[in-house]
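Open the model in your viewer with residue selection to hand. The stops below go from one selection to the next.

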Amino acid sequence: MTNGMNAVTHGQQETELTDKKAIAAAFGRAAKHYDKAAAFQRRVGHRLLDKLPAVTPMGSRALDLGCGTGYFTEALIARGYQVCAADLSVEMLAQAELRCGSAATYLEADAEALPIDDNQFDIAFTSLALQWCGDLSLPLKELRRVVKPGGLIMFTTLSDGSLHELSQAWREVDQYQHVNEFLSPKAIKLALAQAGCPNHALEFTPVIMQYNTAVELMKDLKGIGATHLQQERKAGLAGRKTIQALERAYDEFRDENGQLPATYQVCFGVIIND
């Protein structure tokens with residue numbers, strides 16, 4: 001029985017490792033043109049930045065986890081933080097370093113196993129990165145570990161119902177999954193409890209982006225590297241007829257201004273570390 005359990009655990013570890021490599025590769029491919037497609041990420045990240053304390057004490061250290069191309073690393077530096085920019089993708093880190101240079105330090109890191117000593121940071125900032133983790137409680141535990149007692153952990157993640165228009169349109173076209181599933185608010189709260197984060201505030205807010213076509217939206221998703229699915233999907237690229245069928249199905253959502261909405265259900269979280 002023990003050997004069987006070990007085999008299952010080993011198999012799960014291999015799957016998780018493969019999954020993380022695939023995620024890193026997807027974001028790596030997107031690194032050089034990420035910023036052109038990142039309007040949604042910036043909109044959400046700026047709202048999270050607004051929740052930071054108004055005054056930054058001298059010498060405060062910040063971890064920007066899932067830093068991407070360093071856009072918010074730069075914003076944190078501008079607010080007076082000494083920033084460590086961390087990401088799973090070395091290509092993203094290279095872009096962050098091009099942006100911020102020696103004003104930050106850079107770290108290739110898995111959010112579920114941070115190569116960082118305890119109590120190193122006054123704040124951790126992570127926007128739209130944690131939804132790629134298989135178990136949300138794991139990165140939250142790691143962030144609690146590396147942030148000083150009394151420090152802040154500030155995060156955003158996607159919750160269920162995100163991109164429901166795209167998901168529904170695809171269901172009209174084929175039986176394959178094309179959109180990731182995200183945690184429910186209840187599951188996010190459970191993860192916080194499992195991570196030992198009783199002192200927190202959560203805000204669940206829809207953020208709606210507008211597009212002219214479904215293809216525009218999918219190009220943005222590809223442009224930010226958000227094309228890796230946790231579940232199996234149909235192999236190969238969608239053909240012309242498939243895309244035309246998708247556009248017809250998505251057109252049912254077109255609003256009075258002629259735009260196609262893409263609704264993201266965003267969880268904004270602030271944790272006071274204890």
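Which side chains meet in a salt bridge at 3.6 Å, N to O? Select arginine 47 and glutamate 203: they are that pair. A salt bridge here is a side-chain nitrogen of Lys or Arg within 4 Å of a carboxyl oxygen of Asp or Glu.

Before going further, note that this is a predicted model, in which local features need pLDDT of at least 70, side-chain atom pairs count only at pLDDT 80 or more, and totals for chains, interfaces and linings use all residues. Residues are numbered from 1 along each chain as its sequence is written, and side-chain values use heavy atoms, with hydrogens and water left out.

**The whole chain**

Colour by secondary structure to see nine helices and seven strands. Helices (H or I, at least four residues) and strands (E, at least two) are DSSP runs, numbered from the N terminus. Of the 274 residues in the chain, 46% are buried. Buried means under 20% relative accessible area, exposed means over 50%, and partly exposed lies in between (1.4 Å probe, protein chains only). Among contacts between residues at least 6 apart in sequence, 77% join residues at least 24 apart; a contact means heavy atoms within 4.5 Å.

**Arginine 47 and helix H2**

Return to arginine 47 and glutamate 203, which form a salt bridge. Arginine 47 is in helix H2 (residues 39–49) and glutamate 203 is in strand S6 (residues 200–211), so the pair links parts of the chain 156 residues apart. Arginine 47 is partly exposed at 31% relative accessibility, and glutamate 203 is partly exposed at 30%.

Now select Phe40, Gln41, Val44, Gly45, Leu48 and Leu49, which are buried residues of H2. Look down the axis of H2: these buried residues fall within an arc of 165°, so they line one face of the helix. The arc is that of the directions from the helix axis to the C-beta atoms. Show the surroundings, and the buried residues of H2 are seen to pack against H3, strand S4 (121–127), strand S5 (147–158), S6 and S7.

**Two further salt bridges**

The structure holds eight salt bridges. One of them joins arginine 99 and glutamate 74, whose closest N and O atoms are 3.8 Å apart. Arginine 99 lies in helix H4 (residues 90–100) and glutamate 74 in helix H3 (residues 71–78), so the pair ties together parts 25 residues apart in sequence. Arginine 99 is partly exposed, at 27% relative accessible area, as is glutamate 74, at 37%.

Next, select arginine 144 and aspartate 274, whose side chains meet in a salt bridge at 2.7 Å, N to O. Arginine 144 is in helix H5 (residues 137–146), while aspartate 274 is in the segment after strand S7 (260–272), 130 residues apart. Arginine 144 is partly exposed, with a relative accessible area of 25%.

Is glutamate 142 buried or exposed? Glutamate 142 is buried, with a relative accessible area of 14%. Leaving aside residues up to four places away in sequence, glutamate 142 touches Ala111, Glu112, Ala113 and Leu114.

Finish at alanine 193, in helix H7 (residues 185–194). Alanine 193 is exposed, with a relative accessible area of 56%. Draw a C-alpha to C-alpha distance from alanine 193 to leucine 140: the two are 10.0 Å apart in space and 53 residues apart in sequence.
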